[in-house]
Structures are given as C-alpha cells and as structure tokens.
Amino acid sequence: MPPSYTILIIEDEANILELLRYNLQKEGYRILAASDGQAGLDLAIQKKPDLVVLDLMLPTLDGLEICKCLRQH
C-alpha cells in the first residue's frame, strides 16, 4: 500500500469541495479542507500538507495571495 499523503483543498463551493474530498479519500489520501482563503492559509502553514488544491477566487484571501504567502513560508 502506498504512503498516505495529505492534500489540502481550499474551495468555497461546497459541492466541488465534497466531490474532491470524496474522490481523493477513496484513493487513500488524507484530506484537509477549508472554505475560505484565510482559513486555508492558516491550515496550510499549521499542517504542512503534501499538496494544496486551490481555488483562485475565494472569500477573505484569494488564491494568488495564498500562493505568495506559502512561497514565503
């Protein structure tokens, strides 16, 4: 069995978030999720996921700003 990687999904559309979560969990990935930019950034800094799936248009902080902040960390 391959190692279980952690994926952070930052998506404000609940249906898209749940679809991604369902399919990725089914493949064996651990999922973290946030529905707004600031919460997603905080979670990414705190938990250090292996991959971030990121929407560009988010409440509180947009996806490009999140990318900039993550690069600085």
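**Thr 6.** I looked up Thr 6 and found that it counts as buried because its relative accessibility is 13%; buried means under 20% relative accessible area, with a 1.4 Å probe and protein chains only. The model is a predicted one, in which local features need pLDDT of at least 70 and side-chain atom pairs count only at pLDDT 80 or more, while totals for chains, interfaces and linings use all residues. Residues are numbered from 1 along each chain as its sequence is written, and side-chain values use heavy atoms, with hydrogens and water left out.

I placed Thr 6 in strand S1 (strands are DSSP runs of E, at least two residues; helices are runs of H or I, at least four; both are numbered from the N terminus). I then listed its contacts (heavy atoms within 4.5 Å): leaving aside neighbours within four places in sequence, Thr 6 touches Arg 30, Leu 32, Pro 49, Asp 50 and Leu 51. With Arg 30 there is a side-chain to side-chain polar contact at 3.3 Å (a pair of N or O atoms within 3.5 Å; within protein, one must be able to donate a hydrogen and the other to accept it, and residues adjacent in sequence count only if both atoms are side-chain atoms).

**Helix H2.** I noted Gly 37, Gly 40, Leu 41, Leu 43 and Ala 44 as the buried residues of H2, residues 37-47. Seen down the axis, they fall within an arc of 165°, so they line one face of the helix; the arc is that of the directions from the helix axis to the C-beta atoms. These buried residues pack against S1 (6-10), S2 (30-34) and H3.

I checked both ends of H2. At its start, a side-chain oxygen of Asp 36 comes to within 3.1 Å of the backbone nitrogen of Gln 38. After H2 comes Lys 48, with a positive phi near 50°.

Terms used: Buried means under 20% relative accessible area, exposed over 50%, partly exposed in between (1.4 Å probe, protein chains only).
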